[in-house]
Amino acid sequence: MEKKTPILEMKGITKRFPNVVANEQVDLELYPGEVLALLGENGAGKSCLMNVLAGLYRADEGEIFIQGKRVEINSPRDAMLLGIGMVHQNFMLVDTMTVAENIILGLSDLPFVPDMGTVSKRIRELSERYNLQVDPESHIWQLSVGEQQRVEILKLIYRGAEILILDEPTAVLTPQESKQLNRIIHQMTREGKSAIFITHKMEEVIAFSDWVRVLHKGRLVTVKKTSQTNPQELARLMVGRDVLFRLEKKDRNLGGVALELKDVQAVDDKGLPALNGISLIIRSGEILGIAGVAGNGQKQLVEVLTGLRKTTGGKIRIFGEEKSNKSPLEIINTGVSHIPADRIARGIAGDMSVANNLAMKCYRKPPLAKKGILHPKRILDLANRMIELFHIHTPTPHTHAKFLSGGNIQKTILAREIDACRGLLIAAYPSRGLDVGATEFVRNQMIAQSESGTAILLISEDLEELLTVADKIAVLFEGHIMGIFRSNEADTERLGMMMTGMKEGIGELRD
Amino acid sequence: MRIVFEKRKTLSRKAIFLVPLFSFFISLLLTAILLAIFKTNPFITYAAMFQGAFGSWPNFTETLVKAIPLMLAGLGVLIAFRLKFWNIGAEGQLAFGGIAATWVALFWSSFLASWMVLPTAILVGMLAGALWAGIPALLKVRLKVDEVLTTLMLNYVAILFAEHLYYGPWRDPKGFGFPGTPPFPEFAWLPRIAGRAHLGLVFAIVLALVIWFILNRTRLGFELEVIGNNPSAAQTQGIKIAKNIMIALLVAGALSGLAGVCEVTGISRRLQQGLSIGYGYTAIIVAWLAQLNPIAAIFVAVLIAALLVGGDQVQMMMGLPAAMGLVMQGMLLFPMLAGALFTEYKIRLIRPRTSGSLV
Ligand SMILES: Nc1ncnc2c1ncn2[C@@H]1O[C@H](COP(=O)(O)OP(=O)(O)OP(=O)(O)O)[C@@H](O)[C@H]1O
Ligand SMILES: [Mg+2]
């Protein structure tokens with residue numbers, strides 16, 4: 001294997017930003033027909049290195065070779081011509097256009113009036129060959145996240161990409177979709193294409209890749225054959241210590257009812273029913289997990305609870321008070337914190353400093369503000385405290401939030417919401433995009449919060465997360481609660497079946 | 001050779017200062033070429049322009065006279081722009097403020113103590129400006145009506161309304177047909193502090209400091225910043241977007257309205273033709289060049305005013321065609337605006353030999 005010439009080689013890549021060195025003398029090799037997993041803590045420089053390869057950033061030092069020949073990549077177009085394609089953490093599709101239009105968008109050899117019939121035909125051929133089911137005529141806004149990702153991959157294949165870069169592709173996928181992605185990648189490698197794959201999930205590294213490279217603080221620390229390593233070792237190499245993947249949960253006395261939903265109904269943006277009579281109770285000190293495939297009402301559930309969407313029926317009570325259809329501010333003032341599912345769109349103000357983003361929940365009240373006047377020194381103190389506590393990797397507290405790595409943006413939101421929480425935490429996919437160390441930390445934080453009396457609604461696609469963190473698990477399917485289980489009595493298989501809509505009466509828990 | 005624009009990954013602090021300066025010099029260069037074509041010596045012309053704007057105390061005060069409305073309206077524009085509310089209606093807000101102040105100055109002295117007329121005129125003028133910005137703001141937050149259209153159309157309404165007044169019902173009977181109202185009573189004059197430069201200068205400077213404080217040190221300013229940056233995040237954090245847009249635009253309109261008040265009570269002392277020479281539009285340029293910073297807006301306003309005054313001067317002195325003054329102002333402004341692009345983008349030259357292909 002090692003004797004093959006690498007299809008891609010990066011040598012001594014260094015990339016600096018003001019106050020940080022994102023990559024320092026990094027080497028990388030990729031062989032045809034193989035998958036390389038790129039690992040590292042949040043902020044280790046993975047995305048940055050891939051952006052250099054995809055022509056978005058320019059390295060300050062270093063060389064890139066394709067099939068042994070030195071190349072210069074100055075723009076995404078150059079990368080495309082060299083057969084390099086990247087699927088970014090945030091997709092870059094035009095919502096109002098069709099799949100086919102998005103796929104040919106930006107192609108250089110496009111006739112003035114493209115023949116959409118031929119394009120669609122070719123897309124159908126490709127999607128059949130790689131088992132990437134998408135309808136070329138449907139519009140992007142109609143597609144689920146998983147489908148949009150398939151469009152991104154199809155786009156790269158259509159353009160003849162030989163080297164695919166996938167930046168945390170599975171972070172937003174359901175476990176089933178991840179498996180499917182795995183099959184797609186293998187189909188492509190069988191044809192001699194290669195892929196670089198960034199992930200924080202160790203099982204995926206083992207399942208997907210041939211080689212592993214680990215970055216630590218911008219430097220390459222390890223190169224290993226996947227077959228010669230294991231998840232524990234990889235986690236240790238990344239974080240620099242053992243990660244236990246085990247959490248201590250003490251027995252707690254539950255308090256009064258913090259959140260009560262009675263027959264709550266709501267519709268989605270298209271006016272179709274999304275919540276069809278949800279009833280639940282969470283007590284203070286309790287963590288209730290919501291299991292289910294994304295798109296079964298999770299988004300609408302979070303939105304009605306946080307005042308961002310109107311209910312069409314039923315009642316929501318928070319700490320005993322009627323709170324259906326109240327404004328977000330009224331709900332925040334009762335002590336509710338909200339970790340949104342879409343961190344870039346809802347979670348941060350990218351052009352504001354990390355400090356101001358951390359203050360975005362409690363800037364209204366003392367000590368941060370008095371009579372409407374802010375206290376910048378105290379905002380900075382708060383920020384420094386949270387940056388340290390949550391290990392947010394940022395050059396300075398004044399750095400704009402958009403310059404942080406994906407995982408560190410997530411940590412900024414978590415720090416703000418967990419710190420400001422006074423009684424009820426609505427957490428949607430809190431560990432999405434976090435490295436193993438940060439994931440462990442956040443889960444521990446949630447457990448600590450619940451021990452001090454906070455009620456937590458935890459939405460997650462990761463069954464293991466739900467089983468270890470939550471006390472009870474409710475399965476959500478097509479806007480219905482299929483059943484509620486104690487997590488120490490639940491078994492994965494049954495949960496999995498209920499998530500696909502198979503209702504089962506036994507073992508259900510009434511509270 | 002290929003030229004590409006590359007979005008800057010980080011906003012360089014240096015670029016924020018250097019780019020406007022650099023583009024200013026580029027514009028001087030471009031204008032110099034134009035002047036040379038007209039067989040005029042650019043150095044002499046520039047010297048004359050500088051002389052015209054800053055060369056003597058009276059000239060300098062005239063520059064200030066033009067700078068004051070640019071400062072006030074510029075502040076109004078930049079507050080709205082920070083919210084990404086594209087208020088291009090400063091011209092109309094200014095005119096409507098001027099109309100309202102005229103109404104008070106001419107007709108309210110019958111029932112107001114004379115010392116109260118000027119403060120009342122200022123207040124009513126600011127309210128009128130606020131109203132003129134409040135209408136598009138309300139239409140935007142309630143009905144999502146595009147503010148570019150509404151603010152622009154309200155400019156014409158206000159300007160034509162002013163014309164109607166000074167040609168019609170408010171026309172000075174003793175004015176020999178001159179389009180304008182009768183002069184204001186003396187107690188309705190805004191005191192002048194140097195030459196024709198009036199108290200509006202003090203208002204503008206104080207207000208710039210106050211606005212800087214509000215934007216950077218208060219809850220309101222914080223909320224405006226979040227809204228301008230990411231409205232969805234603002235909504236998620238319980239920030240009342242509609243209310244904040246309304247507040248910001250009422251303030252913005254009041255500032256432009258005050259510019260109009262100062263023009264009628266401080267300069268012309270009546271409402272007359274030529275109330276504004278496009279100050280409301282030039283204010284947009286002021287706000288952009290100041291990069292939406294209120295303190296910077298004060299200095300930028302002086303610079304632009306100097307171009308206006310200096311341009312007028314050379315046009316007369318050098319015997320250039322009448323339109324030449326305007327052409328020069330345009331030539332000077334255009335590269336400065338283009339320069340703003342370079343605070344966000346940088347240019348890179350790429351040698352074709354190595355780009356995008358195997359070497
Ligand atoms: N445009 C930028 N300007 C300034 N700093 C940047 C920029 N892009 C990245 N960085 C910095 O470079 C470092 C590496 O970031 P990168 O996004 O590559 O991390 P990552 O390994 O992808 O992390 P994650 O797992 O959280 O996505 C971080 O410290 C980040 O703050
Ligand atoms: Mg990343």
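## A walk through the two chains

Start by selecting B:Trp108: this tryptophan counts as buried because its relative accessible area is 17%, and the cut-off for buried is under 20%. Keep in mind as you click around that this is a predicted model.

**Stop 1: around B:Trp108.** Colour chain B by secondary structure and you'll find B:Trp108 in the loop between helix 4 (90-107) and helix 5 (114-143).

**Stop 2: where the chains meet.** Next, pick out A:Arg346, A:Met352 and A:Tyr363, which supply 16% of the area chain A buries against chain B, more than any other three residues.

**Stop 3: the largest nonpolar core.** This one has 144 residues, and you can find your way in by selecting the members that touch the most others: A:Leu358, A:Leu425, A:Met446, A:Leu458, B:Leu70, B:Met71 and B:Leu78. Which helix gives the most to this core? Select residues 57-82 of chain B: that is helix 3, and it contributes 14 residues.

Zoom in on A:Leu458. Setting aside neighbours within four places in sequence, its contacts include A:Ile287, A:Leu288, A:Ala427, A:Pro430, A:Met446 and A:Val469. A:Glu465 is also one of its contacts.

Then hop over to another core, which lies apart from the largest one and has 34 residues. To find it, select A:Ile104, A:Leu156, A:Ile185 and A:Ala195, which are among its members.

**Stop 4: the second largest pocket.** Select A:Leu143, A:Val145, A:Gln148, A:Lys299 and A:Asp342, the lining residues nearest the centre of this pocket. The lining has 49 residues in total, around a space of about 1900 Å³.

What sort of residues line it? By class, there are 19 nonpolar, 15 polar and 15 charged. End your tour on helix 9 of chain A, whose five residues make up the largest share of the lining.

Technical notes. Residues are numbered from 1 along each chain as its sequence is written. Chains are lettered from A and ligands numbered from 1 in the order in which they are written. This is a predicted model: local features need pLDDT of at least 70, side-chain atom pairs count only at pLDDT 80 or more; totals for chains, interfaces and linings use all residues. Side-chain values use heavy atoms; hydrogens and water are left out. A nonpolar core is a set of buried Ala, Val, Leu, Ile, Met, Phe, Trp, Tyr and Cys residues joined through side-chain atoms within 4.5 Å. Buried means under 20% relative accessible area, exposed over 50%, partly exposed in between (1.4 Å probe, protein chains only). Helices (H or I, at least four residues) and strands (E, at least two) are DSSP runs, numbered from the N terminus. Contact means heavy atoms within 4.5 Å. On a 1 Å grid over the protein atoms alone, a cavity is a set of points where a 1.4 Å probe fits but cannot get out, and a pocket is an open set with protein on both sides within 12 Å along at least five of seven lines; lining residues have an atom within 4 Å of a point. Grid points are joined across faces, edges and corners, and a volume is the space filled by probe spheres set on the points. Ala, Val, Leu, Ile, Met, Phe, Trp, Tyr, Cys and Pro count as nonpolar, Asp, Glu, Lys and Arg as charged, and the others, Gly among them, as polar. Buried area is the accessible area (1.4 Å probe) that two parts lose on being put together, summed over both.
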